[in-house]
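These are my notebook entries on a structure that is new to me. I set down what I looked up, entry by entry.

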Amino acid sequence: MDLSLTDDQVAILDAIDTLTRPYAGASLHEAGFALPDAQLDRDLAEGGFLDIGFDPDLGAVSAALVVERLARLPQTVEAAASALIRPLLGGDLPRPLCLVEEGRTTRPIRFLREGATVLLVGPSGVSTFTATAAQVRPEPEALYGYPMATLLTVPAERTLHAIPASEVLIRWRIALAAEAAGLLAAALDITVAHVTDRQQFGRPLATFQALRHRLAQAQVRANGVRWLALKAAATLDPGDAALAALHAQESARATVYDFHQFFGAMGVTLEHPLHLWTYRLKALVGDLRGRGGQGLAAAEALWG
Amino acid sequence: MDFDWTDQETAFRDRLRALLADTLPDDWERFSQHGPASPALTRYAESFCGTLAEQGLLIPHWPVELGGQGLDPWHQTILAEEMWIAGEPRGGQYMNVNWIGPTLIRYGSPDQQARYLPPIAEGKALWCQGFSEPGSGSDLASLRTRAERDGDQYRVTGQKIWTSYAGLADTCFLVCRTSDDRKRGISILLVPMDTPGITVRQIPSLIGEGDIHEVFFDDVIVPVTARLGDEGQAWEIIGYSLTNERLGIPRYALARAALDRAVSILKAQDEFDGEAVKIEAAHCAALTEAARMASYAIVDRRAKGEAIGAESSSARFATVMAERRVCEFIVEYLPEALADAHPYLKMHHQRGIVAGIAAGAAEIQLNIIATDVLKLPREPR
Ligand SMILES: Cc1cc2nc3c(=O)[nH]c(=O)nc-3n(C[C@H](O)[C@H](O)[C@H](O)COP(=O)(O)OP(=O)(O)OC[C@H]3O[C@@H](n4cnc5c(N)ncnc54)[C@H](O)[C@@H]3O)c2cc1C
């Protein structure tokens, strides 16, 4: 076992940090509910950062590291599915790549818009289509930190992909866990900064043990989600992937309200960017039938 | 990044499993319900550790000059996992080989090393650690057991509590006060347990008989040559010992093994059928594997010679979360396990209650994470 980043991985993450530095430092005053960024998306795509999973030498672990790192940014781009699932489908499908579970197609979908590739996965297999304007209803008022839209119809005419649905589901779970790991880390960081600065009763809020312990537990969870995501990316094992996604959804559930709590009223404003991470975590919690869905998938993989 | 075991590591684990299968008695699972510090297990451990020593598996991580093979922290982890999954047939001797021995190697005088290291390496020693006192648990530096210097000897008076193995131990790693300076006034004495003036009283416990004790020191005379390191050096030495034992016992491994066993029993009884039981089992596994990976991240850094600090508290807290959830799972879905139907699960449950207490309470781990990992300003004192 060697759990250090390889030189290549260090170089990739450094390059991402350099590329995203101007974005990370952007003014976030009244950033709105979601903060998609077309320029960032183009920069990342042109830099090849979303294609890393196609390179067998770099593979899914490097792709997961990229997803985790990008999820820390206040801006959002569709990276998780593109980086981790597109390598199964081939490179020429237009981005963003939107994931939809068969039987749940009426749920709001992240990044869905005209021209996006929609991937439908379920018992009848894996298929894709390019969304038309008529199939998509944007949801600008959705309470999520991603641009969301509803799919109005699923066309009968779709491209079938000769890959097992199970492989897509494995990578979907890894993508979810890697993204959640970055979101958790960023939400924790910004909350730590706030409780360190904010004084009440003549001392920083961070000196109250009731907060310290809950933040420490959030650290334990964020760390666990990150490692489970990376391990699952390395093994591509269905059990590892389901455990990673389960831990991610459970950890999101266990921490999001604490983060808001510790900001007090500031945490319910759109002036502060906390929601950009927490309301993305909320969107991930419902993927693939939530914790129950991951739990049953894990139980099936582990114990048959 | 590479998450695979090397061939050598896999072979090492296989070898340990084969040895355990060959060596442990047929009724081992029932037998191991005697806690790791019970008289029965302590006696068994002497023969078992003798076997390990003969096979070069008792101190493989010690330096070659001292009878070890210099194996890296990954092998040490594999050894710890396999032994703990098996119910720790080394009894209290795991402590000797993991940190008492290495601490003596670093700080012991030549006489102390000559006297104490060979019995540890042969599997014949049993130590106890006298840290906690009735008034000093988490706040160890407040300890009051006094060692008054009198010429070339110390006169020790005071009381220790929760001392594991004390009933049968031959030597005590005793932490006591030699001056009033809170941390620099603490010293370590290596005290034979048959020294006049020492009285041991067993404390009945939930984790099996003979496990924890009170130890009274009444005018116990200890030669100055029995002091480990300098006067006042205890805090530094304890710090070093901890680096060898930062992660503590790999409880995540037994928790996962107990979970797998519980599920296989439930399946055999056609009771692993509802969604609730499956989802709860999966939550347990997610926590054991999260704790495992958090621990491995630290082993990896140790193996690379990096200094390990507060991150290990994060792995320890993750382990506590996992241990508790698995214990709760078994109580809820396989209650007969606690009534002796499944000795292995009962053994796990007995030991599990200690996870968040012994060797540093869970809340102390959270305090460390808050201050040293998250870098939050300290609580006022
Ligand atoms: C099975 C077992 C074996 C042991 N073996 C040994 C041994 O061999 N040698 C030895 O010296 N000791 C031993 N111990 C003792 C162990 O080290 C202590 O129990 C431990 O350090 C906690 O001390 P305490 O029990 O006095 O609890 P206390 O210090 O009284 O704490 C009680 C609880 O209060 C909370 N708490 C304490 N401090 C804080 C804080 N600063 N912030 C927030 N919460 C806090 C925690 O929840 C803690 O569990 C053993 C204990 C057990 C259970």
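**Entry 1. A salt bridge in chain B**

Which side chain meets Arg149(B) in a salt bridge? I found that the partner is Glu231(B), with 3.5 Å from N to O. I note at the outset that this is a predicted model.

I then looked up where the two residues lie. Glu231(B) is in the loop between β8 (227–228) and α7 (234–244) of chain B, and Arg149(B) is in strand β2 (residues 146–150) of chain B, so the pair ties together parts that are 82 residues apart in sequence. I also checked accessibility: Glu231(B) is partly exposed at 39% relative accessibility, and Arg149(B) is partly exposed at 47%.

**Entry 2. Further salt bridges**

I looked up Lys124(B) next. Its salt bridge is with Glu122(B), and the closest N and O atoms are 3.5 Å apart. Lys124(B) counts as exposed because its relative accessibility is 53%, where exposed means over 50%. Glu122(B), at 41%, counts as partly exposed.

I then turned to Asp340(B). This residue forms a salt bridge with Lys346(B), and here the closest N and O atoms are 3.5 Å apart. I recorded 28% relative accessibility for Asp340(B), which counts as partly exposed. Lys346(B) is partly exposed too, with a relative accessible area of 22%.

Which residues are linked in a network of salt bridges? I listed Glu250(A), Arg253(A) and Arg291(A) from chain A, together with Glu280(B) and Arg325(B) from chain B. For the total, I noted 43 salt bridges over all chains.

**Entry 3. Annotated domains of chain B**

I consulted the UniProt annotations, which come from an unreviewed entry. In that record, "domain: Acyl-CoA dehydrogenase/oxidase N-terminal" covers residues 6–124 of chain B. I looked up the make-up of this span and found 66% helix and 0% strand. The end C-alpha atoms of residues 6–124 of chain B lie 32 Å apart.

The record also gives "domain: Acyl-CoA oxidase/dehydrogenase middle" for residues 128–220 of chain B. In the model, I found 0% helix and 49% strand over residues 128–220 of chain B. The end C-alpha atoms of this span are 17 Å apart.

For residues 235–373 of chain B, UniProt lists "domain: Acyl-CoA dehydrogenase/oxidase C-terminal", again in an unreviewed entry. I recorded 73% helix and 0% strand for residues 235–373 of chain B. Their end C-alpha atoms lie 22 Å apart.

**Entry 4. A charged patch in chain A**

Which residues form a negative surface patch? I found Asp7(A), Asp8(A), Asp55(A) and Asp57(A). I followed up one of them, Asp7(A), which lies in helix α1 (residues 7–24) of chain A. Is Asp7(A) buried or exposed? Asp7(A) is exposed, with a relative accessible area of 69%. That value passes the requirement for membership of a patch, because patches are made of residues with over 30% relative accessible area.

**Entry 5. Backbone details**

I looked for a cis peptide bond and found one joining Arg95(A) and Pro96(A), with omega about -5°. Pro96(A) is in the loop between α5 (86–89) and β1 (97–101) of chain A.

I then looked up positive phi values. Leu288(A) is not a glycine, yet its phi is positive at about 50°. I placed Leu288(A) in the loop between α9 (274–285) and α10 (290–303) of chain A. Leu288(A) is buried, because its relative accessible area is 4% and buried means under 20%.

In chain B, Trp162(B) has a positive phi near 65°, and Trp162(B) is a residue other than glycine. Its place is in the loop between β3 (153–161) and β4 (171–177) of chain B. I found Trp162(B) to be partly exposed, with a relative accessible area of 49%.

**Entry 6. A loop residue of chain A**

Where does Thr153(A) lie? I found Thr153(A) in the loop between β6 (148–151) and β7 (159–161) of chain A. At 45% relative accessibility, Thr153(A) counts as partly exposed. I also compared Thr153(A) with Ala131(A): the two are 22 residues apart in sequence, and their C-alpha atoms are 9.6 Å apart in space.

Conventions: Residues numbered from 1 in each chain as written. Chains lettered and ligands numbered in written order. Predicted model: local features only at pLDDT ≥ 70, side-chain atom pairs only at ≥ 80, totals over all residues. Heavy atoms only, no water. Patch = residues over 30% accessible without salt bridge, like charges linked within 9 Å, V, L, I, M, F, W, Y side chains within 5 Å. Areas by Shrake-Rupley, 256 points an atom, 1.4 Å probe, with all protein chains shown as cover. Salt bridge = Lys/Arg side-chain N within 4 Å of Asp/Glu carboxyl O. Lys, Arg positive; Asp, Glu negative; His and termini not counted. Charge placed at Lys NZ, Arg CZ, Asp CG, Glu CD. Helix = DSSP H or I, 4+ residues; strand = E, 2+ residues; numbered from the N terminus. Buried < 20%, exposed > 50% of the residue type's maximum accessible area, 1.4 Å probe, protein only. UniProt positions renumbered as here; feature names shortened; annotations may be inferred.
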